[in-house]
Amino acid sequence: MNVHTIFFGGGTPSLLTPVQFDSILTSIQRHFNLLEPEITIEANPGTVSLEALRDLCALGINRISFGVQSANPDELRMLEREHDYFDVINAVTWARQAGFDNLNLDLIYGLPLQTLDRWRATVKLILGLHPEHISAYALTLEHGTPFGRWSKRGLMPMPDPDAAADMYDWATQTLQEAGYAQYEISNWALPGRECRHNLQYWRTLPYVGLGAGAHGYANGYRYSNVLRIKTYIDRLGTLSPSPSNLEFPLTPATVNYHRQTLQDDISETMMIGLRLTREGISSAGFRARFGQELESVYRSEVGELTRLGLLEWQADHLRLTQRGRLVGNQVFIRFIE
């Protein structure tokens with residue numbers, strides 16, 4: 001199987017040692033055909049050192065995504081982050097010294113009590129670090145998270161969606177003026193520095209999910225693995241000999257899986273593909289993949305959303321308008337049967 005991207009994500013993979021990364025990459029090279037891959041590692045700014053980054057670069061890891069989230073100390077405490085902005089400066093400086101020329105910095109906006117001025121200050125400081133890629137995600141309150149519990153108990157105000165929209169609009173304009181092209185709802189990149197791995201997701205192309213809690217989409221299956229690391233390891237101990245009733249990419253560590261139908265793939269292509277703000281969904285590509293006309297399958301949905309100013313045609317490509325990006329979830333849900 002040909003592989004053009006590898007992404008070490010979730011948790012804090014930078015806590016692994018270079019020797020452990022070397023072992024994992026060696027195993028991947030033994031089983032897959034690597035095509036000059038983009039190899040990304042996620043890292044928290046306070047968990048890296050110059051020596052470790054040099055070792056990772058020497059192994060062939062060529063892209064780092066630092067979870068900065070904010071440059072404001074109060075907001076970092078609210079997010080229960082252990083690093084501060086000085087750790088971010090050190091992490092970026094060391095990454096450059098180690099030889100990395102492809103950095104992403106992750107940000108979060110729309111926090112409770114966050115002001116537009118504070119958000120502006122964070123973005124301006126991040127731009128001063130000159131990353132090749134910037135991701136900015138609106139805070140979502142999820143069940144079981146500290147924010148979710150605090151808001152439910154009235155200990156913290158709910159995020160203000162209007163304020164978050166203002167932050168998003170300001171960031172979109174500011175990053176564009178700084179030379180970053182917005183290619184996905186929450187992602188901006190310098191020319192040619194779009195995240196190749198995430199484009200695989202957004203184009204609904206196959207990817208193999210390996211490791212505890214990983215999700216994958218390959219050979220017609222969407223699936224996820226067991227969350228606990230020990231359980232994952234224990235279950236993979238049953239792989240020799242390989243169970244005859246498991247079809248690739250499923251393993252004994254798989255806990256949920258779904259064999260995709262044609263309609264599943266069509267709906268997901270619309271929902272996920274429309275996240276690509278410049279590319280959107282190609283009518284010709286849709287026809288080549290599904291043997292149907294996009295304009296026919298979703299005539300009423302596309303017509304209504306276009307009249308509302310949420311979708312637009314750019315030559316052969318259907319994509320979100322600037323207004324549509326602010327209410328993307330309301331657009332996407334229209335393509336779920």
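Which residue of β4 does Q69 stand opposite?

## Before you start

What you're looking at is a predicted model, so local features need pLDDT of at least 70 and side-chain atom pairs count only at pLDDT 80 or more, while totals for chains, interfaces and linings use all residues. Residues are numbered from 1 along each chain as its sequence is written, and side-chain values use heavy atoms, with hydrogens and water left out.

With β2, residues 33-43, β3 pairs in the parallel sense over four bridges, and A43 stands opposite F66. With β4, residues 103-109, β3 also pairs in the parallel sense, over five bridges. As for the opening question, Q69 stands opposite L107.

## Salt bridges

Now for some charged pairs. A salt bridge is a side-chain nitrogen of Lys or Arg within 4 Å of a carboxyl oxygen of Asp or Glu, and the count comes to 14. Take E184 and R275, whose side chains meet at 2.5 Å, N to O. E184 lies in strand β6 (181-184) and R275 in the loop between α10 (262-273) and β11 (281-282), so this pair ties together parts that are 91 residues apart in sequence. E184 is buried, at 0% relative accessibility, whereas R275 is partly exposed at 22%.

R278 joins E194 in another salt bridge, with the closest N and O atoms 3.0 Å apart. R278 is in the loop between α10 and β11, and E194 is in the loop between β7 (187-189) and α8 (196-202), so parts 84 residues apart in sequence are tied together. R278 is partly exposed, with a relative accessible area of 42%. Then there's R222 with E268, where the closest N and O atoms are 2.5 Å apart. This pair links distant parts of the chain, with R222 in strand β9 (221-225) and E268 in helix α10, 46 residues apart. R222 counts as buried at 19%, and so does E268 at 16%. Elsewhere, D74, R77 and R118 are linked in a network of salt bridges.

## Aromatic rings

How many aromatic pairs does a search of the whole structure find? It finds nine. Rings of Phe, Tyr and Trp (its six-membered ring) pair if their centres lie within 6.5 Å; planes under 30 degrees apart count as stacked, over 60 as edge-to-face and the rest as tilted. Y221 lies in β9 and Y257 in β10 (254-259), so the pair ties together parts 36 residues apart in sequence. Y221 is buried at 9%, but Y257 is exposed at 55%. Ring pairs also link Y109, W119, Y168 and W188 into a cluster.

Finally, some charges sit over rings, meaning NZ of Lys or CZ of Arg is within 6 Å of the ring centre and within 35 degrees of the ring normal. R222 lies over the face of Y217, at 4.0 Å from the ring centre. R259 does likewise over Y221, at 4.1 Å.

Conventions. Helices (H or I, at least four residues) and strands (E, at least two) are DSSP runs, numbered from the N terminus. Buried means under 20% relative accessible area, exposed over 50%, partly exposed in between (1.4 Å probe, protein chains only). Two strands pair if DSSP finds at least two bridges between them.
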